[in-house]
Amino acid sequence: MLDKFSLAGKVAMVTGCNTGLGQGMALGLAAAGCDIAGVSRRAARETSAKVHALGRRFVAIEADLATAPVQPLVTEAVGALGRIDILVNNAGIIRRDDALDFSEKDWDEVMDLNLKALFFLSQAVARQFIAQGSGGKIINVASMLSFQGGIRVPSYTASKSGVLGLTRLLANEWAPYGINVNGIAPGYMATNNTQALREDAERNEEILGRIPAGRWGTPEDLQGPVIFLASKASDYVNGYTLAVDGGWLAR
Ligand code: NAP
């Protein structure tokens, strides 16, 4: 049975893999057998060293996904590793301000990365899956704010709600090609992205007080779910966004 979870011989492209959740997922996928094409704005030296230590290949593709054309990233990954079987759209940013004061810049920067780059990279990789004739797995990183409204993060909520909808649409369109498109919605995870929240004693206490698990999540908490969604074990799961949130949404 566990063979269905093996990713031996697979190639995964992971965006934003130099730190945080992207690094955690890249290491989980490598431990399950994947070679990794890591797309990062900054050099992913630590992730590269850790993937190599697991005995897998790591190719670093440096790009600003908010502005870079995406096709060359796919061409580079395939040139280096031969194919792509899995795409994890993880790179994402957040901007905080009151909706009354929120700037167009903070709107555009978040939407360009969290939603537009995710769509066009998925499109380029899906074309590669179809050319390979092999099907494939796309895993989009959503958020609690794919389900809830949040506060003071209007472009983030719009982008992550959009990620949930796009995940469904792409699953509908690409299922005939053997492509699964699913999402992972992390709860409140201890990374750079949430440093400001954790440093605000009042917000930190409020958040911890409503997480049934009683702790912030970690990048390791996403490893089992991403391996599942990247593997044959989830072949009949499509268009679904799985919350990995210590029970937050159940509350
Ligand atoms: P993080 O530590 O800040 O990591 C974000 C990653 O995205 C970094 O690798 C970053 O690279 C990359 N990135 C940012 N802008 C980029 C750009 N223009 N081009 C290419 N890469 C870029 O945050 P994280 O918490 O791990 O976030 C990862 C994903 O999880 C995001 O989509 C986030 O929205 C989502 N998420 C996080 C939480 C949470 O609680 N932490 C909860 C729900 C969802 P640089 O280091 O070079 O900037």
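Me: Why is valine 70 called buried?
Reply: Buried means under 20% relative accessible area, exposed means over 50%, and partly exposed lies in between, with a 1.4 Å probe and protein chains only. Valine 70 has a relative accessible area of 15%, and therefore counts as buried. Please note that this is a predicted model, in which local features need pLDDT of at least 70 and side-chain atom pairs count only at pLDDT 80 or more, while totals for chains, interfaces and linings use all residues. Residues are numbered from 1 along each chain as its sequence is written, and side-chain values use heavy atoms, with hydrogens and water left out.

Me: Where is valine 70 placed, and what does valine 70 touch?
Reply: Valine 70 sits in the loop between strand E3 (58-62) and helix H3 (71-81). Helices (H or I, at least four residues) and strands (E, at least two) are DSSP runs, numbered from the N terminus. Contact means heavy atoms within 4.5 Å. Not counting residues up to four places away in sequence, valine 70 touches Phe120, Leu121 and Ala124.

Me: Why is serine 122 called buried?
Reply: The relative accessible area of serine 122 is 0%, so this residue is buried. Serine 122 lies in helix H4. Leaving aside neighbours within four places in sequence, serine 122 is in contact with Leu87, Asn89, Ile138, Asn140, Leu170 and Trp174.

Me: What makes strand E6 largely enclosed by the rest of the structure?
Reply: Strand E6 (residues 179-186) has 8 of its 8 residues buried, so it is largely enclosed by the rest of the structure. In a regular strand the side chains alternate between the two faces of the sheet. Ile179, Val181, Gly183 and Ala185 are on one side of E6, Asn180, Asn182, Ile184 and Pro186 are on the other, and all are buried.

Me: How do you know that strand E5 and E6 pair?
Reply: Two strands pair if DSSP finds at least two bridges between them. Strand E5 (residues 136-141) and E6 have 6 bridges, in the parallel sense, and therefore meet the definition. Valine 141 has isoleucine 184 in E6 as its bridge partner, and asparagine 140 stands opposite glycine 183 in E6.

Me: Why is the crossover from E5 to E6 called right-handed?
Reply: A crossover is right-handed if, with the strands pointing away from the viewer, the path from the first strand over the helix to the second runs clockwise. The chain crosses from E5 through helix H5 (residues 154-174) to E6, and this β-α-β crossover is right-handed. E4, H4 and E5 also make a right-handed β-α-β unit.

Me: Which other strands pair with E6 and with E5?
Reply: E6 is joined to strand E7 (residues 241-244) by 4 bridges, and the two run parallel; alanine 185 has alanine 243 in E7 as its bridge partner. Strand E4 (residues 86-89) is joined to E5 by 4 bridges, again in parallel. There, valine 88 has isoleucine 139 in E5 as its bridge partner.

Me: What makes E5 mostly covered?
Reply: Of the 6 residues of E5, 6 are buried. Gly136, Ile138 and Asn140 point one way, Lys137, Ile139 and Val141 point the other way, and all are buried.

Me: What makes a space a cavity or a pocket?
Reply: On a 1 Å grid over the protein atoms alone, a cavity is a set of points where a 1.4 Å probe fits but cannot get out, and a pocket is an open set with protein on both sides within 12 Å along at least five of seven lines; lining residues have an atom within 4 Å of a point. Grid points are joined across faces, edges and corners, and a volume is the space filled by probe spheres set on the points. The structure holds 1 cavity of 30 Å³ or more. The largest cavity holds about 60 Å³ of space, and the largest pocket about 1200 Å³.

Me: How does the lining of the largest cavity divide?
Reply: Ala, Val, Leu, Ile, Met, Phe, Trp, Tyr, Cys and Pro count as nonpolar, Asp, Glu, Lys and Arg as charged, and the others, Gly among them, as polar. The lining of the largest cavity divides into 6 nonpolar, 4 polar and no charged residues. Helix H4 (residues 104-132) supplies the largest share, 5 residues.
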